[in-house]
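Welcome! Please take a moment with the sequence and the 3D view before reading on.

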Amino acid sequence: MLPTSKAPASPARWPKLDYAADKPVIETCHAYLQVIGKLPTRARAWSNHGWQLALRVVPRGFRTYPVVAGEHEAEVLFDCLSSEVVVDASDGSRQTVAITGRRLRTSSPSSSKR
């Protein structure tokens, strides 16, 4: 039998989320994750239920499955702890793109023309 805990979850453990205040950050993260998540669609063979497309939740953030990149394979990590996108290739190379302070366009081009 597995042990059970009757203690309630501590509300102090989790920060209060304020969508209105964090909306730019949330939208930026969402856009980056959408782009990163699309990379395997062409680089990996289809598997049951599209599991090859899912981003894996890892201790630092979200990671793709290995994708073909030329003669090598690469994994892309959305690193939530260091606020960067990291590409690790099988040849040992690593490239990073800082995402701190970057903003993405939130309105469509047609809605900004008046």
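This short report walks through a helix, a hairpin and some charged pairs. Please keep in mind that the model is predicted.

**A bent helix**

Let us begin with helix 1, which covers residues 19–38. At V25 the helix bends by about 35°. Among its residues, T28, Y32, I36 and G37 are buried.

An α-helix has 3.6 residues a turn, so residues three or four places apart point the same way. K23 and E27 form a salt bridge. K23 has a relative accessible area of 36% and is partly exposed; E27, at 29% relative accessibility, is partly exposed as well.

**A hairpin**

Next comes strand 5 (residues 84–89), which runs antiparallel to strand 6 (residues 94–98) and is joined to it by five bridges. E84 faces A98 of strand 6 across this pairing. The two strands make a hairpin with four residues between them. In the turn, G92 has a positive phi of about 95°.

**Charged pairs**

How many salt bridges does a search of the whole structure find? The search finds five, and the table lists some of them.

| Salt bridge | Closest N and O atoms |
|---|---|
| K23 and E27 | 3.9 Å |
| E75 and R63 | 3.0 Å |
| D88 and R94 | 2.6 Å |

The salt bridge between E75 and R63 links distant parts of the chain, with E75 in strand 4 and R63 in strand 2, twelve residues apart. Are E75 and R63 buried or exposed? Both E75 and R63 are buried. For R63 the relative accessibility is 16%, and it counts as buried because that lies under the 20% cut-off. By contrast, R94, the partner of D88, counts as exposed at 54% relative accessibility.

Setting aside neighbours within four places in sequence, R63 is in contact with L55, R56, V58, E75, V76, L77 and D88. One of these residues, R56, also joins R63 and E75 in a network of salt bridges.

Note on methods. Residues are numbered from 1 along each chain as its sequence is written. This is a predicted model: local features need pLDDT of at least 70, side-chain atom pairs count only at pLDDT 80 or more; totals for chains, interfaces and linings use all residues. Side-chain values use heavy atoms; hydrogens and water are left out. Two strands pair if DSSP finds at least two bridges between them. Buried means under 20% relative accessible area, exposed over 50%, partly exposed in between (1.4 Å probe, protein chains only). Contact means heavy atoms within 4.5 Å. The bend at a residue is the angle between axes fitted to the seven residues ending there and the seven starting there. A salt bridge is a side-chain nitrogen of Lys or Arg within 4 Å of a carboxyl oxygen of Asp or Glu.
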